[in-house]
Every structure is written in C-alpha cells, then in structure tokens.
Amino acid sequence: MRNVFIILVYSILLSTELIAQNYDEAKVPSYILPDVLKAQSEKVVTNVKDWENIRRPEILTLFEENVYGQMPKTFDKYEFKIKNENKHSMNGKAHLKEVEIAVTNHNQTVMIHLVLFVPTGIKKPVPAFLLINNRGKNNTSPTRDTLSGFWPAEQVIDAGYAVAAFHVNDAAPDHKDSYQNGVLRLYPEQLKAGNGMKAIGAWAWAASRIMDYFENDKDIDASKIVLTGHSRGGKASLWAAAQDSRFAMCVSNCSGNTGAALSHRRFGETIQAINTTFPHWFADNYKKFNDNESALPLDQHMLVSLIAPRPVYVTNASEDLWADPVGTFLSLKEAERVYGLYKLKSALPESIPAINMPFVKPPLAYHIREGVHDMTSYDWAQFIKNADLYFKSR
Ligand code: GTR
C-alpha cells in the first residue's frame, strides 16, 4: 500500500514536472566522475597487478555495498536434469535440451529452467550465447511455435553458436511484491540487509548457475559463453559478468540507468526514478543516492571496467533517450583506461558513432540502432560478428 502511494505521488510529481527528467543536453549539470584507477589509498593504479589486487576488489565491494547487493557464493546442493530433448529441432539443424536446474540452500530449492539449442553437424564443443530473458517466455520458445527477433535462435545456430535462455521470473519474479519468491528464499538474510541483493542480483546469480551447468555439458565450450541481456536484463548481464569471470564476453543491450549509462550525468532516467518505479531491483542502500548522484562513490564505467580484459558490447537505440545513449557511450570510453592496463587497444571513436554505424571490434564494441527500445535481429547480427572476431582470434 505504502509503495503504491509513493509511486502515485511520484507519477504526479513527474507529470507536473516537479521532478523533471532531463532530455536536454544543454541542461546536463557538470559532474565529476569517480576515477576508476584511483584507489581508496589515493594511489593511482598503473598496472594489472595493482588493478587486480587492489582497485578491482575495492570497486566490486562498492557495487555490492551501494548498488546491487551481495552475491552469495555458496549453496547446499546443485542438481540438473534434462527434462526434454529433441535431437532434430529446427528442421534438424539443432539439438534442443530443456534443462531443469535445482539449487538448494537452507532446505529451500529454486528451479531454473534452461532452454538450450546446440547446432548439429559441427564439431563440439561449441561457444554459446546465453540470454537473461526479461520479456515473455514465448520469446524463447523451445518448440519454435513463436519466432522472435528478441532471441533469434535460428540466426545464432546458423552462425555456429549454441543459443540458450532462462527467464528472470524463475530466479526472482519481476515485481515489487513477489521478487522474494525465488533465489531469495535460499538467502533470507539478504532481505534484511541494506546491502542485500534483490531481483537484479538474483538474476545475475542465476546466470552463474547456468554457467555451472555449461561446465557440465560436453557440447558446450564453457570458456566461450557470451552473456547477453536487454535493458533490465542488460543491467543484470553486466553485474553477472563483473562478478563471475567465467563469462567470456558480455552484451548489454539498451541497459540505460544502473546498466551501462553514467549516473552522475543527469540525462533521461535517474536513480530516484528507477528506485521509485522498481524498488525491488537494487539493494536498499542504493536509495541513499536518490536525487543524490554526486554522493555516489562509483559510476557505471567502473562496472564495465570490472569485466576487463573480457570484451563488452554495449548498445542503444536512437529513440530510447530514457537510456541516455551519450552517457552510455561515455561510460564505455572511460572503461578504456582499464583495458589499457591489459594493453588492449580499444577501437572506439572519440564521440558517439552515427546511427546504424556499428563499432564491432573487441574489446569494447558499441552501436546505436535506429528505432525504439528493443533488441532485434540487427543487434544480434552485430553481437555474432563481434563474437566471431574475438573467438577466432584466440
Ligand atoms: C524501464 C526502466 C529501464 C529499463 C526498462 C526495461 O521502464 O526504467 O531502466 O530497465 O524498463 O527493462 O525495459
């Protein structure tokens, strides 16, 4: 009831422009980003060793404490079962496996359902794309009775990759009243802590449990998994890849605020807006930064940096100003400094590329697609190109 009231008041304030969302580049107030390379000791990190031993762990803790919450690493039991399979799926070009993954802790079990297609007739093991599906389950249909550009499985199979997906609701229902009803049943202490994980943390946790499965499937090359997410799923894909270095690459499509976009830059969605509409996504501590971005000891360029030296592909859509394309591109640019420590030269241009002019080149790739907030077969074509470039060079 209280939440409904807060959202109602907030919507009224928004519509009366008492809380204005800024869409005017000229009105972005000046801001100072926390320095990704400056450790809490004030020492500026200049090599991989100090990055990995000092600054990286500091930043990971900052995100856990202030944004996404803790990431529990232990559980009592892990089991998986192939519930259904079809060796002649997609007219014979793919082998479908539907896998039920059951993880138990404190006598509570969460079941995560994985849909996986593996290309037939090529040498195994194969690399795979894994989608954190935040849209309808029909987008990842195992029977292929519905085809969707959001998860164009045939296109990915034709490119020689396995393609997999799980639905966020299996890990944490995407609703403020029921998000507890999944992974969080296994970790009830998280619900009481200011730095306790919520839905986005639970989705990222689930992505790692799918990775545990990939390590047990001989058809899959678990060292070549591209974790992919759109929007809220793209926030989770970044957080999961930052936490779990087993993911070889990360795709964060139109992830916007608290995804790849900078928060200190006031354009489009704000921390206050996201925490008000989605109070169940981030740790409670994050609410301290509502309308208080300048107090944040971190920003999202530091999240991208946590994934270095592994490649990251970030996108925007031209009509999706809510997700702040410029602030997203700037965040990726800032992360170049950490890739530089690994002697990885980024090919990104100095300013945001033109619409439909993808910069497909690891380690940092970017494009802004013409159109609305979505993930389409055009986007996937670029992700595949980027994965081909990276995996074929190794
Ligand atoms: C919006 C939200 C965004 C983004 C999006 C989505 O309403 O404000 O941060 O996550 O939903 O997930 O599609």
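This report describes the ligand site and some backbone features of a predicted model.

## Basis of the model

Local features need pLDDT of at least 70 and side-chain atom pairs count only at pLDDT 80 or more, while totals for chains, interfaces and linings use all residues. Residues are numbered from 1 along each chain as its sequence is written, and side-chain values use heavy atoms, with hydrogens and water left out.

## Ligand surroundings

The ligand is surrounded by Ser231, Arg232, Lys235, Glu269, Ile274, Phe278, Trp281, Trp322 and His373, where a residue is near a molecule if one of its heavy atoms lies within 4 Å of it. By class, this shell holds four nonpolar, two polar and three charged residues, with Ala, Val, Leu, Ile, Met, Phe, Trp, Tyr, Cys and Pro counted as nonpolar, Asp, Glu, Lys and Arg as charged, and the others, Gly among them, as polar.

An oxygen atom of the ligand lies 2.5 Å from a side-chain N or O atom of arginine 232; for lysine 235 the corresponding distance from a ligand oxygen atom is 2.8 Å, and for tryptophan 322 it is 2.9 Å. The protein covers 82% of the 310 Å² of accessible area that the ligand has on its own, areas being computed by the Shrake-Rupley method with a 1.4 Å probe.

## Backbone features

The peptide bond from lysine 124 to proline 125 is cis, with omega near 0 degrees, and proline 125 lies in the loop between β3 (108–119) and β4 (126–133); helices (H or I, at least four residues) and strands (E, at least two) are DSSP runs, numbered from the N terminus. The bond from alanine 308 to proline 309 is also cis, with omega near 5 degrees, and proline 309 is in the loop between α8 (300–307) and β8 (312–317).

How values were computed: A polar contact is a pair of N or O atoms within 3.5 Å; within protein, one must be able to donate a hydrogen and the other to accept it, and residues adjacent in sequence count only if both atoms are side-chain atoms.
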